Amino acid sequence: VLDGEAREQAMEMMRRLTVHLKNKTTDQADSTMEEPIDNYLDPEVFAAEVNLVFKRIPLPLALSAELVGKNTFKSTEAVGVPVVITRDAKGVAHAMMNVCRHRGALLCEGRGEARALTCPYHAWSFGMDGELKGVYGESTFGDFDKSQRGLIQLPVVEKHGVIWVCLTPGLTIDIDSWLGDFKAPLEALKLDEVNVFSSRQMPGPNWKVVIEGFLEGYHFASLHPNTVFKTNLSNTAIFDGFGPHEWVAFALRNLENNLNDGKEVDDLEPSANVGVIVWLFPGMAFAGGWRERMTCALVLPTTKVGETMTEQRVLTRRPV
C-alpha cells in the first residue's frame with residue numbers, strides 16, 4: 001500500500017520505534033498533566049463543544065465506500081442533528097437534514113439504494129439532490145412554492161475517500177486548509193479503494209473518554225491481553241500532531257522479533273511492523289490502515305454530555 005512520501009514517513013516512524021524498543025522507552029510529554037473532571041461532565045462545557053466545534057467544523061460522517069454506486073444513501077445523527085448523505089444519479093454527493101419539509105418526519109434510516117427519498121408520514125418525495133419532487137394529492141393540497149420546500153442542504157465535500165459534512169447550513173468547507181499536512185497520512189490509507197465488510201453501533205460515555213482510548217497504547221497489556229496485546233507491544237508508541245489531527249504508531253511484536261533476529265530496520269516492511277492509528281479530529285480513527293484489513297471508528301456525541309454513539313466499521317482492501 002505504501003509508496004512515495006507515505007512510505008518514507010512510515011520508515012521514519014519504524015526507526016523511532018526501534019530506538020524506543022532498544023531503550024525500553026516511549027514518546028512522552030515534558031511533564032504530567034491533570035485533566036479536570038468538569039471537562040467531561042460540565043453541561044456548559046459540552047454545550048460549547050457542540051456549538052463551537054461539532055456544528056461548525058467539517059465532520060467525517062461517511063466514507064465514500066459506504067455510498068457505492070449512484071442513487072445510494074446513508075443516514076446518521078450527530079449531536080442530535082439528523083443527516084442523510086446521498087449520491088445522486090450523476091454520482092455527486094449531497095448532505096441534507098434528514099427531515100421532511102412538510103411535518104418534520106424522519107425520511108430514512110440506515111444505508112440503501114433509492115431513486116427518491118419518500119416520507120413515511122404523508123409520502124412527499126424528494127430527489128437524491130434534495131429537491132421536492134412529489135406531493136401526494138397535490139391537486140387537493142393547496143398552492144405553495146415547491147422550490148422552497150426542498151430538503152435543507154448542508155455543506156459537503158468528498159475527498160480522499162471521506163465525505164465531510166458541516167452541520168450548519170451556509171458555511172463553507174475548505175477541506176485542504178482543514179487537513180493541512182495531514183493530507184499525506186490520509187491519502188496513504190487509500191480509502192477510495194476499500195470495501196465495507198461490516199458496521200455496528202456502540203454506545204459509550206463522554207466523547208473525549210472514548211477518543212482517548214484510540215490515542216494511547218498504555219492499556220493494551222491490561223485491557224486486551226488476549227487480542228491487541230498479542231500483536232502490539234504495550235506502552236511503546238510515538239505521537240505526531242498535524243494541527244488538530246494526529247497519528248499514533250505502536251511497535252508490533254513483529255518489529256521486536258525481527259530486531260532480536262538481527263535484521264536491520266531499514267530492510268523491514270513498515271505495514272508488518274508498525275501499528276498506526278490515523279485520527280481525524282474530532283473523532284474518526286483508522287486502525288491498521290496500512291494492511292489488508294482495518295477498522296474505522298467514528299465517535300459522535302448524542303445530545304447528552306455523558307453519552308456517545310460510536311459507529312465502528314471493518315474495512316477490507318479486497319471485496320469479501
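Ala123 is partly exposed, with a relative accessible area of 35% (buried means under 20%, exposed over 50%, and partly exposed in between, with a 1.4 Å probe and protein chains only). Its phi is near 65°, a positive value in a residue other than glycine. Ala123 sits in the loop between strand S6 (116-118) and strand S7 (125-127); strands (E, at least two residues) and helices (H or I, at least four) are DSSP runs, numbered from the N terminus.

The model is predicted, and local features need pLDDT of at least 70, side-chain atom pairs pLDDT 80 or more, while totals for chains, interfaces and linings use all residues. Residues are numbered from 1 along each chain as its sequence is written, and side-chain values use heavy atoms, without hydrogens and water.

Asn71 also has a positive phi, of about 55°, although it is not a glycine. This residue is buried, with a relative accessible area of 13%, and belongs to the loop between strand S1 (59-63) and strand S2 (72-78). The peptide bond from Phe281 to Pro282 is cis, with omega near 5°; Pro282 lies in the loop between strand S15 (274-280) and strand S16 (284-287). Most residues other than glycine have a negative phi, and most peptide bonds are trans.

A search of the whole structure gives 1 cavity of 30 Å³ or more (a set of points on a 1 Å grid over the protein atoms alone where a 1.4 Å probe fits but cannot get out; lining residues have an atom within 4 Å of a point). Points are joined across faces, edges and corners, and the volume is the space filled by probe spheres set on them. The largest cavity holds about 30 Å³. Its lining consists of Ala6, Gln9, Pro185, Ala188, Trp247, Val278 and Trp290, with helix H1 (4-23) and helix H6 (183-188) as the elements giving two or more residues.

Conventions. 1 Å grid on protein atoms, 1.4 Å probe; cavity = no way out; pocket = protein on both sides within 12 Å on 5 of 7 lines; lining within 4 Å.
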